[in-house]
Amino acid sequence: MDRRDFLIGTALLTTSSAPAYDWDTVRREFRLDPKLVNLGLFYLASNPREVRAEVDRVKRVLDANSHDFPPDLSSRPRAALASYIGGAPNDIALVSNTTTGLGLVYQGLRLRADQEVLVNDQDHFWHQEAARLACDRVGARLRVGTLFASPATATPAEIASRLRDSLTPATRAVGITWVQSSTGLRMPVREVASVIAEANRDRAPADRCLLIVDGVHGLAAVDDSPASMGADVFVAGTHKWLFGPRGTGMVWVNPAVVSEIRQVLPGADRTTPTTYLSPGGFHAFEHTYAVHAAVAFHQRLGRSRVAARITELSTRFKDGLAGLRGITIHTPRDPAMSAGITCFDVDGVPGSRVVEHLAAQRIQITTAAYRIPYARVGTSVLNTPEEVDRAVRAVASVPR
Ligand SMILES: Cc1ncc(COP(=O)(O)O)c(C=O)c1O
């Protein structure tokens, strides 16, 4: 560690008690290309210095001795994630991404041919596919619906009411996305959970409806404790907003329902039925076993401060767009119904053309790879207000 590293490390460390850092200092922990404005950092995380250092450390341990793993190698990521999401380490399985986690959960769900699974049109394609494959295997019905008329104006009451009307005694699982990457809408997980709890009141365990949440764009972007939102299962990649090593993710299962999820892949960690869901075999262990460094980084920044900064930047972007002519914002303006993703349209211009126009100015944004490919901006704590303003000016200059 050179003197500069030490000074930056010290500046960050002091944040545990007081906000003695600034966001520029945080950004310097990452190896972002300074020539680019990356407004899609949620796509695949850049790693801060201490995550890279932990990956290197674990790699050195395994390179030196690949037979005798130190016992805390595997327990540290689960313990760290548990403390971050407000759950217990033994209720967490480690997986390599959100998709694998969703696949394991839906395939493992004890599901009968006379039952159905409900997911949303706005859930990620791989989420819908995970549910479809599980339904196909047993001949159950998959229903793909939508819980609001328009994402920009959706309310918790509307979503709860539509869900209440959609549930039937045969509904075995409801899949939702905490923060939709298709619309930027933040789903009101607690309200959804309470509608499902009401429906479950007189149901036997084999008929209970489980709430499965794809939380990848809420984890480390929203200030909440995923294990206490009322979900039965919470799945999230840790390689997006959390800045964890690529190819890492988690599944949290409410211990009260774990017997409803069978294991579908051979596991290695038999501590509990949930830890046993972690696929066995050899993995990119230097990544899996370095996730706790990303959690520690975020805990020092502070979950609420991170969420507040993300909201500040996404609100700034939405306010900027709202001042332009001919723009439709599909994400709610209300911070309680959104997080770091903003989806929008330049009226009459395909999302892909908006992406290209900004790319020519070295501003990286994406389209949502969904039925309606809106242009999409993600504001991370690594972005700056100036970058957001540049993006607004670039959107204003899109040829119509
Ligand atoms: C809502 C949502 N779920 C799941 C995924 C897939 O994530 P992963 O690459 O961790 O499997 C994505 C991809 O960005 C996503 O936007």
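Tutor: A salt bridge is a side-chain nitrogen of Lys or Arg within 4 Å of a carboxyl oxygen of Asp or Glu. Side chains of opposite charge can pair when their charged atoms come close. The model here is predicted.

Student: How many salt bridges does the structure hold?

Tutor: The structure holds 22 of them.

Student: Which residue forms a salt bridge with arginine 143?

Tutor: The partner is glutamate 116, and the closest N and O atoms are 2.6 Å apart. Arginine 143 lies in strand E4 and glutamate 116 in strand E3, so the pair ties together parts that are 27 residues apart in sequence.

Student: Are arginine 143 and glutamate 116 buried or exposed?

Tutor: Both residues are buried.

Student: Where do arginine 309 and glutamate 312 lie?

Tutor: Both are in helix H11 (residues 303-322), three residues apart, which is about one turn of the helix. Buried means under 20% relative accessible area, so arginine 309, at 10%, counts as buried. Glutamate 312 has 42% and is partly exposed.

Student: What space lies in the largest pocket, and which residues are closest to its centre?

Tutor: The largest pocket holds about 460 Å³ of space. It is lined by 22 residues, of which Tyr43, His124, Trp126, His217 and Lys240 are the closest to the centre.

Student: Which helix gives the most to the lining of the largest pocket?

Tutor: Helix H5 does, with three residues. By class, the lining has eight nonpolar, 11 polar and three charged residues.

Note on methods. Residues are numbered from 1 along each chain as its sequence is written. This is a predicted model: local features need pLDDT of at least 70, side-chain atom pairs count only at pLDDT 80 or more; totals for chains, interfaces and linings use all residues. Side-chain values use heavy atoms; hydrogens and water are left out. On a 1 Å grid over the protein atoms alone, a cavity is a set of points where a 1.4 Å probe fits but cannot get out, and a pocket is an open set with protein on both sides within 12 Å along at least five of seven lines; lining residues have an atom within 4 Å of a point. Grid points are joined across faces, edges and corners, and a volume is the space filled by probe spheres set on the points. Helices (H or I, at least four residues) and strands (E, at least two) are DSSP runs, numbered from the N terminus. Ala, Val, Leu, Ile, Met, Phe, Trp, Tyr, Cys and Pro count as nonpolar, Asp, Glu, Lys and Arg as charged, and the others, Gly among them, as polar. Buried means under 20% relative accessible area, exposed over 50%, partly exposed in between (1.4 Å probe, protein chains only).
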